[in-house]
Amino acid sequence: MSAEEPTTRGPAKLIAEHYQRTYELTSELRKDRNRIFLILVGFLALATLLFSLGQTSANSLLVRLVAKLLDLTDVKEIDALKTNINFDLLQTMVLAVVFYLTVNLYHHTTTVLRHYAYLGKLETEIRDALGLDAKSISFTREGAFYSQDPSFWLRLVGKVYVLILFVLLGGFLVLHLTQDVQAGFSLFTVADVAIALAIAGYFFAFSTASFKF
């Protein structure tokens with residue numbers, strides 16, 4: 001064993017350990033991103049279905065749901081609940097939840113993509129530190145090997161997810177803002193438009209990041 005080998009292997013081992021920890025963190029972030037996407041899609045589907053029923057039917061459905069959750073059986077209490085539910089406030093709250101989920105989806109997506117790009121550069125450093133031959137494929141999974149063997153259908157997955165979310169999110173926002181216009185101007189309308197614009201902005205950022213890879 002040469003005197004230079006320990007000093008060569010030392011940094012490579014540290015980088016490799018850091019690489020492994022980064023890969024594990026990236027995998028967890030990817031799982032979280034996928035979970036947020038499913039929650040957002042499911043929430044949009046339910047919210048769109050609820051608001052498409054109209055205010056009267058939606059209020060009735062919500063009252064039944066709240067009454068069941070609170071175990072209310074008294075007719076007077078249920079009638080009071082019907083009167084006190086503010087449908088406009090509920091719509092704004094739902095929009096705020098969609099905004100929160102969209103921001104989190106964007107944040108997790110960009111973080112995962114940055115981490116994969118970082119892993120590719122770490123692989124290059126590890127290969128250099130180990131003195132690996134250019135023809136070897138060790139430590140090229142997230143970098144050179146992935147780039148040399150692209151799968152069209154695999155790369156298309158992200159675009160399909162963007163399209164699905166575009167349809168659901170677009171339909172939800174159009175339905176929501178249409179109902180706001182029909183109901184007339186109010187402070188809730190201003191809040192809804194502001195939140196909708198923010199959602200559209202973060203969705204655009206999410207889709208732009210997804211289409212880069």
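Tutor: Let's start with Thr 26, which is in contact with Val 112, His 115, Tyr 116 and Leu 119 once its neighbours within four places in sequence are left aside. Keep in mind as we go that this is a predicted model. Thr 26 is found in helix α1, and that helix covers residues 5-52. Is Thr 26 buried or exposed? Buried means under 20% relative accessible area, and Thr 26 has a relative accessible area of 0%, so Thr 26 is buried.

Not counting residues up to four places away in sequence, Arg 33 touches Leu 105, His 108, Thr 109 and Val 112. Look at Thr 109 in particular: Arg 33 and Thr 109 are 76 residues apart along the chain, but their C-alpha atoms are separated by 6.4 Å.

Next comes Leu 40, again in α1. At 0% relative accessibility, Leu 40 counts as buried. Its contacts, with neighbours within four places in sequence left aside, are Val 98, Leu 101, Thr 102, Leu 105 and Leu 165. Leu 40 and Leu 101 are 61 residues apart in sequence, and 6.1 Å apart in space from C-alpha to C-alpha. For the chain as a whole, residues 24 or more positions apart account for 76% of the contacts with a separation of 6 or more.

Leu 165 and Phe 172 are the residues with the most contacts inside the largest nonpolar core, which has 23 residues. Helices α1, α4 (87-130), α6 and α7 each supply at least two residues of this core, and its largest share, eight residues, comes from α1. Apart from it lies another core, of eight residues, and among them are Tyr 19, Leu 29, Val 112 and Leu 119. Phe 172 touches Leu 44, Ala 47, Thr 48, Phe 51, Val 94, Leu 95 and Val 98, not counting residues up to four places away in sequence.

Now for His 176, whose place is in helix α6. With 1% relative accessibility, His 176 counts as buried. Beyond residues up to four places away in sequence, His 176 touches Phe 51, Gln 91, Thr 92, Leu 95 and Asp 192. With Asp 192 there is also a polar contact, side chain to side chain, at 3.2 Å.

Helix α6 (residues 152-183) and helix α7 (residues 187-211) pack at an angle of about 170 degrees, and their axes are 11 Å apart. Angles over 145 degrees count as roughly antiparallel, so α6 and α7 are roughly antiparallel to each other. On the α6 side the contact includes Leu 165, Leu 169, His 176 and Asp 180, and on the α7 side it includes Asp 192, Ala 196, Ile 199 and Phe 203. Sorted by class, this contact has twelve nonpolar, four polar and three charged residues.

Finally, let's step back to the whole chain. It has seven helices and zero strands, and buried residues make up 32% of its 213 residues. So where does our starting residue sit?

Conventions
Residues numbered from 1 in each chain as written. Predicted model: local features only at pLDDT ≥ 70, side-chain atom pairs only at ≥ 80, totals over all residues. Heavy atoms only, no water. Axes fitted to C-alpha atoms, helices over the stretch in contact; angles between N-to-C directions. Helix = DSSP H or I, 4+ residues; strand = E, 2+ residues; numbered from the N terminus. Parallel < 35°, antiparallel > 145°, perpendicular 65-115°, else oblique. Contact = heavy atoms within 4.5 Å. Nonpolar A, V, L, I, M, F, W, Y, C, P; charged D, E, K, R; others polar. Buried < 20%, exposed > 50% of the residue type's maximum accessible area, 1.4 Å probe, protein only. Polar contact = N/O pair within 3.5 Å; in protein donor to acceptor, adjacent residues only side chain to side chain. Core = buried A, V, L, I, M, F, W, Y, C linked by side-chain atoms within 4.5 Å.
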